[in-house]
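Visitor: I would like to learn how to read salt bridges in a structure. Could you take me through them, with the general idea and then the case at hand?

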Amino acid sequence: MNDKKLKDISKKMRRNILLVLGISLFVLIELMVLSTYSLKTELADQVGRTLEGKIKREDKREIVNILSDLKENNFRAVDLYDRNGKLQLTFPTQFRRQVSPAVKIWRSLTQATYEKPIYYDLKKNEIAATVVFTFGIFQLLPMTLLIFSIAALVTYPLVRNHKALLLESFKNEAIKAQTESITELARQVRHDYKSPL
């Protein structure tokens, strides 16, 4: 096997390794987004259960305190709508200000919302209010990239060693095939030399 074929095999292996790394990173980011969404919706449900009693009793001071404290739980914004769908409160208040189209697009790509309806009755027939939670879906991205980087650094020597072994195996196979063809040619020449013209 000549050097050109070995270089082609090496290039193909490098391309496949990069493809596997890219797919792994994509899957890891997807898992991170799903876990973030799951955690935030669970937290939003807990807050909704806390707010339920306060809304039924119309304890506005407690509602405002709970909603204003949610910034500590990494919600970008929390909106409270009445039973008719009219916006009553937004925390932080500057979140709903007019923003540029670029900011709107960026928010649509990096944030998710979760609506938690709150009902007056247990059968969930009469809605009292709706709380809309807005949160970033890439909050765990730095940790995800760190995990991926560590995994890539740990596996790099293994992949490099495996690649070297494969290339050595290809070289040995090429040498073996070349030796066999030379032996076959020598046998054929010997046979032809011994046979009468």
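Guide: Side chains of opposite charge can pair when their charged atoms come close. In this predicted model, R83 forms a salt bridge with E126, and their closest N and O atoms are 3.7 Å apart.

Visitor: Where in the chain do R83 and E126 lie?

Guide: R83 belongs to the loop between β1 (77-82) and β2 (87-91), while E126 sits in the loop between β3 and β4 (127-136), so this pair ties together parts that are 43 residues apart in sequence.

Visitor: Is R83 buried, exposed or partly exposed, and what about E126?

Guide: R83 counts as partly exposed because its relative accessibility is 45%, and E126, with a relative accessible area of 42%, is partly exposed as well.

Visitor: How many salt bridges does a search of the whole structure find?

Guide: The search finds three. One of them joins the side chains of D45 and K116, at 3.8 Å from N to O; this pair links distant parts of the chain, with D45 in helix α1 (residues 3-56) and K116 in strand β3 (residues 111-119), 71 residues apart.

Visitor: Are D45 and K116 buried or exposed?

Guide: Both D45 and K116 are buried, which means that each has under 20% relative accessible area.

Visitor: Which side chain does R49 meet in a salt bridge?

Guide: R49 meets the side chain of E42, with 3.9 Å from N to O. R49 is partly exposed, with a relative accessible area of 48%, and E42 also counts as partly exposed, at 41% relative accessibility.

How values were computed:
Residues numbered from 1 in each chain as written. Predicted model: local features only at pLDDT ≥ 70, side-chain atom pairs only at ≥ 80, totals over all residues. Heavy atoms only, no water. Salt bridge = Lys/Arg side-chain N within 4 Å of Asp/Glu carboxyl O. Buried < 20%, exposed > 50% of the residue type's maximum accessible area, 1.4 Å probe, protein only. Helix = DSSP H or I, 4+ residues; strand = E, 2+ residues; numbered from the N terminus.
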